[in-house]
Amino acid sequence: MHDAPHALLAQFAPIVTPHISDNLQRMSGIVGLQRFHRSKKLLGTALTVKCRPGDNLFIYKALTELQPGQVLVIDGAGNTANALVGELIMLYAQAHGCSGFVIDGAIRDSQAFYDADFPCYARSVIHRGPYKLGPGVLHAPVTVGGQVIQSGDFVVGDEDGVVSFSPAEAASLLAAIEKTQHKEQGIKDEIATGQREQAWLTAVLQSAGI
């Protein structure tokens with residue numbers, strides 16, 4: 001990662017994914033994946049891999065290209081009959097600075113991901129291992145949980161899920177999120193007064209004609 005994109009990405013570290021999602025029109029973001037680690041924030045740039053369902057040959061290829069700060073974003077077509085990664089791939093990726101995995105497919109050795117607190121989002125867990133026959137492709141646009149992700153996109157994950165977006169959107173997104181945070185703090189302050197009638201509630205109800 002170059003310094004400028006890295007500095008932009010770092011600003012998303014304290015930001016929760018709902019605030020990012022809300023400012024992506026609530027239409028973007030990855031759905032249907034579970035978190036298999038404990039609490040570590042996922043923050044990195046996408047290295048995309050498209051695999052044949054149940055086959056991880058090209059994940060091995062991706063490991064040879066992996067750079068620190070990258071997230072392996074794996075399009076396994078949502079297939080959950082065979083795990084695409086497990087503890088050994090996790091350990092290698094972790095040793096080479098990988099920020100985490102986002103997988104439209106299954107994993108195994110789930111306890112290892114939990115114990116290591118290595119960021120991992122996937123569709124499910126299964127004991128059956130993968131095939132290694134191919135085909136596959138790296139760096140192409142992929143679809144994961146309904147979201148199209150390009151290599152180099154920013155990827156952010158927390159307890160509420162995973163979002164991704166182009167680095168070109170990052171600066172304007174940060175500005176919009178700052179407004180959201182300011183607005184929500186005002187609502188929290190109003191809730192803390194304990195008053196039954198609140199402006200934020202009234203505004204929503206009135207706009208709906210209730």
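This is a short tour of a predicted model, one selection at a time. Residues are numbered from 1 along each chain as its sequence is written. Because the model is predicted, local features need pLDDT of at least 70, side-chain atom pairs count only at pLDDT 80 or more, and totals for chains, interfaces and linings use all residues; side-chain values use heavy atoms, with hydrogens and water left out.

**Stop 1: strand S5**

Select residues 100-107, which make up strand S5. The helices and strands on this tour are DSSP runs, numbered from the N terminus: helices are H or I with at least four residues, strands are E with at least two. Is S5 enclosed or open? Eight of its eight residues are buried, so S5 is largely enclosed by the rest of the structure. Here, buried means under 20% relative accessible area, exposed means over 50%, and partly exposed is in between (1.4 Å probe, protein chains only).

**Stop 2: the strands paired with S5**

Look for Ala83, which stands opposite Ala106 in S5. Follow the chain from S4 through helix H4 (residues 87-95) to S5, and you have traced a left-handed β-α-β crossover. A crossover is right-handed if, with the strands pointing away from the viewer, the path from the first strand over the helix to the second runs clockwise.

Next, pick residues 120-125, strand S6, which runs parallel to S5 and is joined to it by five bridges. Stay with Ala106 for a moment: in S6, Ser124 stands opposite it. Which hand does the crossover from S5 to S6 have? The chain passes through helix H5 (residues 110-116) on the way, and this β-α-β crossover is right-handed.

**Stop 3: salt bridges**

Side chains of opposite charge can pair when their charged atoms come close. A salt bridge here is a side-chain nitrogen of Lys or Arg within 4 Å of a carboxyl oxygen of Asp or Glu. How many salt bridges does the structure hold? There are three.

- Show the side chains of Arg123 and Asp104, which meet at 2.6 Å, N to O. Arg123 lies in S6 and Asp104 in S5, so the pair ties together parts that are 19 residues apart in sequence. Asp104 is buried at 7% relative accessible area, while Arg123 is partly exposed at 27%.
- Move to Asp75 and Lys50, whose closest N and O atoms are 3.1 Å apart. Asp75 is in S3 and Lys50 is in strand S2 (residues 42-51), so this pair links parts 25 residues apart in sequence. Asp75 is buried, at 5%, and Lys50 is partly exposed, at 37%.
- Finish with Asp22 and Arg26, which meet at 3.0 Å, N to O. Arg26 is exposed, with 63% relative accessible area, and Asp22 is partly exposed, with 29%.

**Stop 4: Val148**

Last, select Val148 in strand S9 (residues 147-149). What does Val148 touch, leaving aside its neighbours within four places in sequence? Its contacts (heavy atoms within 4.5 Å) are Pro141, Val142, Thr143, Asp153 and Ser164.

Notes: Two strands pair if DSSP finds at least two bridges between them.
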